[in-house]
Amino acid sequence: VLDGDTIEVAGKKIRMLGVDTPESVHPNKPVEYLGPEASHFQKENLTGKTVRLVQSPGVDTDKYGRALRYVETLPGPLDAAFNLPGVGKWIPGTDENKRMIDEGYGQPRYLELSGGHERQIEYDKATARAKAAGKGLHSSEGMQQLDYHYQTYDEKHGRTNAPSSSTRPIGHAS
């Protein structure tokens, strides 16, 4: 684990797709509020785990050459099942990118995904839950410390009584 949203797997740097955590080791930016805590949380959850890296169609690397992927894990001793030929890809895993949002250590990020992605609705729901609980970046201190605060689709469209819409466009048909 290099920081809250960047890991290394088999010598390859992976930028966790769809989530942005506060900076903890950026060469040109200062350490941000909860950056070290987000990094520590990832280290506790991912170090030594077998992970599944899921690519989103049309998205491969970022401007730094890091592979953009969703990172999934299985609990405890089952994590090695990802290594079983032909079996691991069929086992549902825990979306670690979404977990960072659920825990208040990250916010959704869609810059590399024009038009959204298949997990955007779930990431919006995770954001709404973290905001409702006042967790991490969505606590009163977090709201004061950070310049940017992600707004869910519902918040952008003035829907304040629903945690997050489950029927909204994530792209445009042509």
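This report walks through the aromatic pairs of a predicted model and the surroundings of one arginine.

## Ground rules

In this predicted model, local features need pLDDT of at least 70 and side-chain atom pairs count only at pLDDT 80 or more, while totals for chains, interfaces and linings use all residues. Residues are numbered from 1 along each chain as its sequence is written, and side-chain values use heavy atoms, with hydrogens and water left out.

## Aromatic pairs

The structure holds 2 aromatic pairs (Phe, Tyr or Trp rings, the six-membered one for Trp, with centres within 6.5 Å; planes under 30 degrees apart are stacked, over 60 edge-to-face, the rest tilted). Phe41 and Tyr105 form a tilted pair, with 5.0 Å centre to centre and 35° between the planes. Phe41 belongs to helix H1 (residues 35-46) and Tyr105 to the loop between helix H2 (96-102) and strand E7 (107-108), so this pair ties together parts 64 residues apart in sequence. Helices (H or I, at least four residues) and strands (E, at least two) are DSSP runs, numbered from the N terminus.

Tyr70 and Tyr123 make an edge-to-face pair, because their ring centres are 6.5 Å apart and their planes stand at 80°.

## Around Arg52

Arg52 sits in strand E4 (residues 52-54) and counts as buried at 15% relative accessibility. Its side chain makes a polar contact with the side chain of Glu72 at 2.7 Å (N or O atoms within 3.5 Å; within protein, one able to donate a hydrogen and the other to accept it, and residues adjacent in sequence count only if both atoms are side-chain atoms).

Definitions and conventions
Buried < 20%, exposed > 50% of the residue type's maximum accessible area, 1.4 Å probe, protein only.
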